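Keep the structure in view while reading.

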Amino acid sequence: MKKALTEIIKFNEERDWDQFHSPENLAKSIAIEAGELLECFQWGPDYDHQKVCEELADVMNYCLLMSDKLGVDAETIILQKLEQNRKKYPVEKAKGKSTKYDQL
């Protein structure tokens, strides 16, 4: 992910776009792009694989920019959250279930 983040930052620097990338604006952009990803599935389970990948990439780009803007390492916070989820959703209680952790 380091190479991807470096390239995203370079892309934005070349265009002087960092001025628009406050945490608030990045959070909005993540939500907007997530909506566009969801739109790919709006009318049923059939979808355009390429379009889904493009929208997913947009979401991930903004997420990486947000982590950089906040001064946190994306991989670190993902692994920390995964560890929290392991505790909330132990295999013996959660395997094969979609139940929320407080209902297990």
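Q: Into which domains is the protein divided?
A: This is a predicted model. The protein is divided into domain 1 (1-71) and domain 2 (73-103).

Q: What radius of gyration does the protein have?
A: The C-alpha trace spans about 50 × 35 × 25 Å along its principal axes. For a compact globule of 104 residues, a value near 13 Å would apply. The protein has 17 Å.

Q: Buried residues make up what percentage of the protein?
A: The protein exposes about 8200 Å², and carbon and sulfur atoms supply 56% of that area. Buried here means under 20% relative accessible area. Of the 104 residues, the buried ones make up 19%.

Q: Which residues of helix 1 are buried?
A: Helix 1 covers residues 2-14. On its other side, Lys2, Lys3, Glu13 and Glu14 are exposed. The cover over the buried residues includes helix 3 (49-70). Those buried residues are Leu5, Ile8 and Asn12.

Q: Why do the buried residues of helix 1 lie on the same side?
A: The residues concerned are Leu5, Ile8 and Asn12. They sit on the same side of helix 1 because the arc they cover around the axis is only 65 degrees.

Q: Which residue just after helix 1 takes a positive phi?
A: Helix 1 has 13 residues and reaches 18 Å from its first C-alpha to its last, close to the 18 Å expected. Just after helix 1, a phi of about 55 degrees is found at Asp16.

Q: How far apart are the end C-alpha atoms of helix 2?
A: Helix 2 (residues 23-39) has 17 residues. At 1.5 Å a residue, helix 2 should span 24 Å. The model agrees: the end C-alpha atoms are 24 Å apart.

Q: Which helix do the buried residues of helix 2 pack against?
A: Leu26, Ser29, Ile30, Glu33 and Leu37 are the buried residues of helix 2. Their arc around the axis is only 105 degrees, so they lie on the same side of helix 2. The face turned away from that side carries exposed residues, among them Glu24, Ala31 and Leu38. The buried residues of helix 2 pack against helix 3.

Definitions and conventions: Residues are numbered from 1 along each chain as its sequence is written. This is a predicted model: local features need pLDDT of at least 70, side-chain atom pairs count only at pLDDT 80 or more; totals for chains, interfaces and linings use all residues. Side-chain values use heavy atoms; hydrogens and water are left out. Helices (H or I, at least four residues) and strands (E, at least two) are DSSP runs, numbered from the N terminus. The expected span of a helix is 1.5 Å times one less than its number of residues. Buried means under 20% relative accessible area, exposed over 50%, partly exposed in between (1.4 Å probe, protein chains only). The arc is that of the directions from the helix axis to the C-beta atoms. Contact means heavy atoms within 4.5 Å. The radius of gyration is taken over C-alpha atoms; the globule rule is 2.2 Å times the number of residues to the power 0.38. Accessible areas come from the Shrake-Rupley method with a 1.4 Å probe; for residues, only the protein chains shown count as cover. Domain bounds come from an automatic or database domain assignment.
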